[in-house]
Amino acid sequence: MPRTTDGPDTRSSADTHGNPDTAPVRVAVIVGSTREGRFCPTAADWFAGRAETHAGVEVDVVDLAAARLPDTLVESSPLPAEVGALAPRIAAADAFVVVTPEYNHSFPAPLKTAVDWFFDEWRAKPVGFVSYGGVSGGLRAVEQLRLVFAELQATTVRSTVCFPNFWDRFDADGGWPRSPEGAEEAAADMLAQLTWWAHALRAHRGRVPYPA
C-alpha cells in the first residue's frame, strides 16, 4: 500500500504542475494515532490506495508517529526541527484527510498537538475524515475535529468514511475491508467533495489573499 517516507516538493501542486485550475490536488492523509498496536495505519493505507485511483489526486501520507512532534508548543525561533520538517508538507497540501480513532469520545492528543503546531498551513483548505471505533465508528471524534478546523478557518466536507466495530470490518490480514462496497462508495463521495473544494479554494487563494 502507498506510504510516503520523504517530504514532497514544498511548492504547491499548482506551482509544480502549471495551471492551478487543472493541476492535480495534493491530498495529505494524516495518520492521527500514535498509540502502540494502532489500527490507524491500516485505515490510512486503505484510504490512500483509494485516493490514488481518484483522477487528479496526488497523495502524501503523513504519519504522526514518524513525525514525532514535541508535546510542548513554543513560539520562539527557530522552531523544533521536527516541526520544521513537517511544515512544508502541510503547507504543500491542497487538502487533508485526517484518519482518527475515537478515544473516550474524542480524538487522540497527538493529533491535537499536530493541529496546534500549525495555523496558516490549514487555512482556507478542505478537510475530510476517515474514522474508526466502536458502535459510533469514531464519528464523535470527527464532530469535535470539525469544531477545531473551523477555528483554523479550514473547510470540512460533509461526507466521511467510518468503520464501526472496526475489528470485525477487516480481513484476517487486517488490510482490506471484508465488505468494501460501502466504504469505497463513501470514500469516492468524500474525494469528490474534497477535490471540488480543493480546486475552488486553491484557485481563489491564488487570485485573492485570504483575509487575515
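In which sense, left-handed or right-handed, does α2 pass α7 in their crossing? The close-up views below are taken from a predicted model, and the first of them answers this.

**View 1. Helix α2 crossing helix α7.** In this predicted model, α2 passes α7 in a right-handed crossing. Helix α2 covers residues 40-52 and helix α7 covers residues 180-207; their axes come within 10 Å and cross at roughly 60 degrees. That angle makes α2 oblique to α7. On the α2 side the contact is made by W46, F47, R50 and A51, and on the α7 side by A183, E184, A187, M190 and L191. Sorted by type, the residues of this contact are 7 nonpolar and 2 charged, with no polar ones.

**View 2. The salt bridge of E58 and R26.** A search of the whole structure finds 8 salt bridges, and one of them joins the side chains of E58 and R26 at 3.8 Å from N to O. E58 belongs to strand β2 (residues 57-63) and R26 to strand β1 (residues 25-31), so this pair links distant parts of the chain, 32 residues apart. E58 has 25% relative accessibility and therefore counts as partly exposed. R26, at 8% relative accessibility, counts as buried.

**View 3. The salt bridge of D94 and R202.** Here the side chains of D94 and R202 meet with an N to O distance of 3.0 Å.

**View 4. The salt bridge of R140 and E102.** The side chains of R140 and E102 form a salt bridge of 2.7 Å, taken from N to O. R140 is in helix α6 (residues 139-151), and E102 is in the loop between β3 and α5 (109-116). R140 counts as partly exposed because its relative accessibility is 39%. E102 counts as buried because its relative accessibility is 15%.

Definitions and conventions: Residues are numbered from 1 along each chain as its sequence is written. This is a predicted model: local features need pLDDT of at least 70, side-chain atom pairs count only at pLDDT 80 or more; totals for chains, interfaces and linings use all residues. Side-chain values use heavy atoms; hydrogens and water are left out. Axes are lines fitted to C-alpha atoms, for helices over the stretch in contact, and angles run from 0 to 180 degrees between N-to-C directions. Helices (H or I, at least four residues) and strands (E, at least two) are DSSP runs, numbered from the N terminus. Angles under 35 degrees count as roughly parallel, over 145 as roughly antiparallel, 65 to 115 as roughly perpendicular and the rest as oblique. A crossing is left-handed if the near helix is turned anticlockwise from the far one by less than a right angle, and right-handed if clockwise. Contact means heavy atoms within 4.5 Å. Ala, Val, Leu, Ile, Met, Phe, Trp, Tyr, Cys and Pro count as nonpolar, Asp, Glu, Lys and Arg as charged, and the others, Gly among them, as polar. A salt bridge is a side-chain nitrogen of Lys or Arg within 4 Å of a carboxyl oxygen of Asp or Glu. Buried means under 20% relative accessible area, exposed over 50%, partly exposed in between (1.4 Å probe, protein chains only).
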